[in-house]
Amino acid sequence: MAEGAAREFDKRLKTAADAAETMLDRLLGPSPLAGEIARPRRLMEAIRYSSLGGGKRLRPFLVIETARLFGVEGEGVIRAAAAVEMIHCYSLVHDDLPALDNDDLRRGRATTHKAFDEATAILVGDGLLTYAFDVLADPVTHEDAAIRAELVLALARAAGFGGMIGGQVLDLEAEQSTAPHTAEAVIRLQSMKTGALLHFSVMAGAIIGAADVKARAALSAYGHALGAAFQVADDILDVEADEATLGKRAGKDAGRNKATLVAALGLEAARERRDRLAAEAIVALDLFSQGADAAVLKEAARFVAKRAS
């Protein structure tokens, strides 16, 4: 049964990745939309370079699969999934900039500011961030304006001051600090910088599916645990994996005094926390235990904990 769930997860992850890729390719095309004057060629080339042809597309997968729990599928769900991925891609482009992580390699190829230039990379991120909300607010994504507004608000909170951006600021402050990083501070930072967007990806499906309070609470618990497990796994991979496997520079966290749970707890304790969080995510889905779709989402938690890149 476990092998069957793993195979089904792999299949669904690839299907979601393909659907997100197709949608991104369409949304990030050269032709201007109504209300747009023009889409500059170099900007769109850089945006497509930053967004297409790479990544596991875990966030789109989570949007698509959680919506499926409530019987909702189709173009609108995939548009919402693509919007989340735009936010994620923008964050990677900006994270790689010289003023932040100063990375030359992402997904096995040159980062956007290296392939183009720093100014273009900044504008790529700005463009993807803005367009993500355009996509969510469009009636094509959902006919119900209240659903669209809830998606926009939830994503703004996840990506903004108290979410991803706030977490990035805490990360920079920690890097510049000479004081030891406490586990509590690292957990808070990671819940914002990485966890908030993963949590939104889970909750987006609940919003689209008009889930009730009980179902939302279960998915929220799943999303929080999954997001936390994902970041601990990332910390561990930075220590254990090589550059070829990761597709980016390995071993950079320790060299830059990054706030990680490996540094705060030690490698073995970090592994234990990762596995415990994955188990918590799985238990949180017991409300949906009768459905095959919940089994796929449970497998996603195992994948997050055991991934090699």
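Select E65 first. E65 has 0% relative accessibility, so the residue counts as buried (buried is under 20% relative accessible area, exposed over 50%, partly exposed in between, with a 1.4 Å probe and protein chains only). The model is predicted: local features need pLDDT of at least 70, side-chain atom pairs need pLDDT 80 or more, and totals for chains, interfaces and linings use all residues. Residues are numbered from 1 along each chain as its sequence is written, and side-chain values use heavy atoms, without hydrogens or water.

**Around E65**

E65 and R12 form a salt bridge, with their closest N and O atoms 2.6 Å apart (a salt bridge is a side-chain nitrogen of Lys or Arg within 4 Å of a carboxyl oxygen of Asp or Glu). This pair joins distant parts of the chain: E65 sits in helix α3 (residues 58-69), R12 in helix α1 (residues 2-27), 53 residues apart.

Now show R68. Its side chain meets E65 in a salt bridge, 3.1 Å from N to O. R68 and E65 are three residues apart in helix α3, so about one helical turn separates them. R68 is partly exposed, at 21% relative accessibility.

E8, R12, E65, R68 and E73 are linked in a network of salt bridges. The structure holds 25 salt bridges.

**Helix α2**

Move to R41 and E45. Their salt bridge has its closest N and O atoms 2.7 Å apart. Both residues lie in helix α2 (residues 41-51), four residues apart, about one turn of the helix. Side chains of opposite charge can pair when their charged atoms come close. Buried or exposed: which is R41? R41 is exposed, at 61% relative accessibility. E45 is partly exposed, with a relative accessible area of 37%.

**The nonpolar core**

Select F61, L62, M86, I87 and Y222. These have the most contacts inside the largest nonpolar core, which has 84 residues. Such a core is a set of buried Ala, Val, Leu, Ile, Met, Phe, Trp, Tyr and Cys residues joined through side-chain atoms within 4.5 Å. Which helix gives the most to this core? Color helix α9 (residues 183-208): it contributes 12 residues.

Center on Y222. Leaving aside neighbours within four places in sequence, Y222 is in contact with L62, V202, A281, A284, L285, L297, A300 and A301 (contact means heavy atoms within 4.5 Å).

**Helix α14**

Go on to residues 267-284, helix α14. The helix has 18 residues and reaches 26 Å from first C-alpha to last, close to the 26 Å expected at 1.5 Å a residue; the expected span is 1.5 Å times one less than the number of residues. Its buried residues are A270, R273, R274, L277, A278, A281, I282 and A284.

**Zoom out**

Show the whole chain. There are 15 helices and two strands. The C-alpha trace spans about 50 × 50 × 35 Å along its principal axes. Buried residues make up 51% of the 309. Of the contacts with a separation of 6 or more, 73% are between residues 24 or more positions apart.

Finish with the surface. The accessible surface comes to about 13700 Å², with 57% belonging to carbon and sulfur atoms; areas come from the Shrake-Rupley method with a 1.4 Å probe, and for residues only the protein chains shown count as cover.
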